[in-house]
Amino acid sequence: MKKKIIVASALLGAAVGCSHMASYAPVEPTNDQVKAVLKGSFREVGQAKLDRIDQDDVQRICSAASAGKALAKEDAERIEKSQLAGIKYPADGYMGDWKAGEKIAQQGTGKQYSDDPAQPAGGNCYACHELTKEEIAFGTIGPSLRNFGKVRGFTPEVQKYAYGKIYNSEAYSACSNMPRFGHMGILTEKQIKDVVALLMDPQSPVNK
Amino acid sequence: MNGSRRKVLQGTGVLGLAMMAGLFKPGSAWAEEWNKAAFEVKNSLNDAVKALGGSTATESKDITMTSPDIAENGAVVPFAVASKLPKTESIAILVEKNPNILAANFFIPDGTEPWVNTRIKMGQTSNVIALVKADGKYYYTSKEVKVTLGGCGG
Amino acid sequence: MADPMKIRAAMAGDKVEVKVLMAHEMETGQRKDSKGAVIPAWFIQTVTATVNGKTVLSAEWGPAVSKNPFLSFRCAGKPGDKVTITWVDNHGDKRTDEAVVAG
Amino acid sequence: MRPNRTIAAALLLAAGLGAGSPGAQEKSKAIQEIEKYRAALGDDNPAELWESRGEDLWKAKRGPKNASLEACDLGLGPGVVKGAYTVLPKYFEDSGKVEDLESRLVTCMVTLQGFTPEQAKKDPFGGPGKKVPMDALVAYVAAQSRGMKMNVAGTHPKEVEAYEMGRKIFFYHGGPHDFACETCHGADDKRIRLQDLPNLTKTSDAQRAYTTWPAYRVSQGEVRSMQWRLNDCFRQQRFPELEFASPASIALTMFLAKNANGGVMNAPAIKR
């Protein structure tokens with residue numbers, strides 16, 4: 001959207017033949033230029049090192065896409081394929097303890113420089129999703145997950161999908177807003193299973 | 001707004017002058033003694049009433065407590081309490097689930113409206129009680145206020 | 001030393017409505033610092049309000065009153081009257097400020 | 001100001017036009033109560049305590065040169081405070097840099113008062129028991145633009161460059177959570193928990209958001225500047241720490257401020 005405005009003003013400059021305006025025409029900095037400015041503007045604190053500014057392919061492509069370049073179909077497919085291939089499924093089933101999952105869904109800390117890296121990170125699901133009827137303080141960046149298992153069926157296939165989606169959301173939807181909890185080592189295998197149980201256990205308040 | 005705002009004077013100066021003028025006698029007329037025992041009561045309304053010098057409190061519809069049902073942050077929860085009880089002497093605000101139940105107690109002399117508006121901390125979702133002393137007896141009303149979590153890192 | 005209060009006093013019907021903002025930490029004594037040590041309680045314990053020298057409100061507060069406290073009340077008075085507010089905290093620190101009732 | 005959208009949604013629901021989901025009614029009730037909460041905080045804003053401290057600091061003779069900041073040019077000429085916040089960030093000839101309010105104050109503390117840049121940038125944010133000059137100065141200066149429209153020029157080549165850089169930073173995904181500013185602030189009508197998230201790529205939301213900073217945050221009992229806002233967003237984005245008055249922080253502020261042009265300043269505001 002912004003892109004269009006910039007293009008329009010550049011065109012206007014050219015059409016009017018206004019030379020000083022043309023000379024001020026915005027030039028979009030390259031990704032490397034942006035990275036250099038960021039590296040010079042941030043400092044390492046605690047567990048947050050400067051390498052967090054380095055991007056993987058997914059982050060680089062999705063940054064360009066959100067800044068105005070439409071996400072190419074090939075890029076989307078490439079992201080989804082490569083990310084799906086990297087999902088490590090548990091050997092002993094997908095379901096953990098929904099009560100532990102609820103705590104993980106409530107907890108917002110983890111991976112910030114202000115957090116103790118020795119403590120497990122939270123999933124902070126409620127920041128973006130509606131889950132249980134009881135928790136009214138939920139966000140709407142992601143879809144409602146009320147009755148997640150009840151609606152989709154309490155089947156092993158859906159359990160596996162839920163596990164994979166939490167492990168690496170990019171495998172199912174390129175440039176999703178949702179963190180790649182397993183892929184990036186935010187949540188452990190056990191924690192992801194607990195969150196799967198929160199979504200998929202018939203006794204979980206998500207399905208009540 | 002600015003008119004009265006800007007007329008703020010330096011504290012020690014005023015206090016010093018006032019003391020010289022004999023307006024304030026520290027520890028006596030100008031400041032109430034702080035009721036330590038009442039502020040140390042844990043979470044019982046009855047214990048708080050006793051610590052304030054009463055025996056029991058009766059529920060009353062003549063007290064209104066205005067506050068949101070849900071607080072966006074527990075650090076600041078606005079409360080306004082009004083009493084229609086004749087001879088209202090004091091208005092207190094108590095939060096059942098705070099470490100100490102009594103948050104604040106206001107003494108209302110003749111000529112002052114039995115109404116106060118202030119902001120209180122709440123550690124978690126809790127019942128909040130407005131306790132009024134009127135004509136020597138204690139009355140109360142209460143409501144639940146939910147405290148919600150917020151933010152993306154917390 | 002504590003910062004000055006902000007006091008607004010204006011007629012609201014036949015009463016004076018007084019609004020006060022006070023600068024104070026109102027530390028509960030329940031919190032811990034980054035090293036795990038308890039931060040000692042530090043809070044305003046008593047508040048007294050006078051109009052032309054006559055007490056119109058007094059209060060006792062615990063640490064559950066919010067940081068940078070706000071207080072509003074309505075008392076007898078008229079434009080030009082002098083409203084004086086004094087607080088004393090548990091360290092024995094005091095602060096007194098004044099405002100004139102606006103017309 | 002803020003409640004329009006949610007109140008409208010609540011009215012729709014009340015009129016029976018809302019979605020049939022059983023949660024819908026509760027949702028609107030929760031949001032209505034949050035709106036009541038915000039309304040109850042109203043205009044009685046402890047930020048006034050910072051504003052008056054800031055005014056005293058602005059006029060106080062401080063630093064090795066024992067000078068006040070009263071000769072500081074905040075963009076509208078030396079000593080002009082009224083309206084200055086609406087034209088910042090701005091390119092300054094004397095420093096050869098684009099500066100937002102905070103970095104401009106640093107420049108003036110260095111040039112007029114004789115502080116070293118390190119001294120001027122030290123402790124930019126207050127905390128429990130820690131009062132810092134910067135917060136108070138920011139509150140004072142911003143308050144002198146209350147009721148005035150944001151009017152950032154953004155036409156000097158350096159300003160254009162900063163805006164473009166800020167724009168790219170806004171969309172820059174990184175860190176363990178893949179977050180960018182855009183993750184939370186790139187779409188309409190989103191919330192995190194119960195907090196509305198302004199869509200900062202849209203003029204009306206950008207105006208509403210930018211014009212209410214700096215703000216007194218009741219959750220912290222402190223007045224927070226735009227520099228703090230950005231610093232703490234990046235903390236929650238799981239990035240390293242954004243340095244105070246750094247080039248990235250000023251570029252991003254340029255992007256946000258210019259997008260808010262036309263919005264009426266109402267800061268310091270009071271927020272959760």
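Helices, taken as H or I runs of at least four residues, and strands, taken as E runs of at least two, are DSSP runs numbered from the N terminus. In these terms, and in what is a predicted model, D:Asp178 is placed in the loop between helix H7 (157-170) and helix H8 (181-185) of chain D. Because buried means under 20% relative accessible area, D:Asp178, with a relative accessibility of 6%, counts as buried. The side chain of D:Asp178 is joined to that of A:Gln59 by a polar contact of 2.8 Å. When residues up to four places away in sequence are not counted, D:Asp178 touches A:Gln59, A:Glu170, A:Arg180 and A:Met184 of chain A, together with D:His173 and D:Thr183 of its own chain.

The size of an interface is often given as the accessible area lost when the parts come together. For chain A and chain D the buried area is about 4800 Å², and 57% of it lies on carbon and sulfur atoms. To this contact chain A brings 59 residues, while chain D brings 47 residues. Between the two chains there are 30 residue pairs in polar contact, counted where both residues are at pLDDT 80 or more. The salt bridges between chain A and chain D number six, and one that can be named joins the side chains of A:Arg43 and D:Glu241, with an N to O distance of 3.3 Å. On the side of chain A that touches chain D, the elements giving two or more residues are helix H1 (2-16), helix H3 (31-39), strand S1 (42-43), helix H4 (57-66) and helix H6 (98-106) of chain A. Of the side of chain A that touches chain D, H3(A) gives the most, with six residues.

Chain D also meets chain B, where 25 residues of chain D are in contact with 21 residues of chain B. The area buried between chain D and chain B is about 2000 Å², with 53% of it given by carbon and sulfur atoms. Seven residue pairs in polar contact, both residues being at pLDDT 80 or more, are counted between these chains. One salt bridge is found across the interface of chain D and chain B, and the side chains of B:Glu72 and D:Arg38 meet in a salt bridge at 2.5 Å, N to O. Helix H2 (22-41) and H3 of chain D each supply at least two residues of the side of chain D that touches chain B. The largest share of that side comes from H2(D), with nine residues.

Chains B and C contribute strands to an open sheet of six strands, which has antiparallel pairing and the order S2(B)-S4(B)-S7(B)-S5(C)-S2(C)-S1(C). Strand S2 (63-66) of chain B and strand S1 (6-12) of chain C stand at the edges, and each has a single partner strand, so one side of each is left without a neighbour in the sheet. From one strand to the next, the twist averages 15°. Within the part of the sheet given by chain C, strand S2 (residues 15-21) and strand S5 (residues 70-75) pair in the antiparallel sense over six bridges, and C:Leu21 stands opposite C:Phe70 in S5(C). Helix H3 (residues 47-59) of chain D lies across S1 and S2 of chain C, and runs at about 120° to S1(C).

Note on methods
Residues are numbered from 1 along each chain as its sequence is written. Chains are lettered from A and ligands numbered from 1 in the order in which they are written. This is a predicted model: local features need pLDDT of at least 70, side-chain atom pairs count only at pLDDT 80 or more; totals for chains, interfaces and linings use all residues. Side-chain values use heavy atoms; hydrogens and water are left out. Two strands pair if DSSP finds at least two bridges between them. Axes are lines fitted to C-alpha atoms, for helices over the stretch in contact, and angles run from 0 to 180 degrees between N-to-C directions. Contact means heavy atoms within 4.5 Å. Buried means under 20% relative accessible area, exposed over 50%, partly exposed in between (1.4 Å probe, protein chains only). A polar contact is a pair of N or O atoms within 3.5 Å; within protein, one must be able to donate a hydrogen and the other to accept it, and residues adjacent in sequence count only if both atoms are side-chain atoms. Buried area is the accessible area (1.4 Å probe) that two parts lose on being put together, summed over both. A salt bridge is a side-chain nitrogen of Lys or Arg within 4 Å of a carboxyl oxygen of Asp or Glu.
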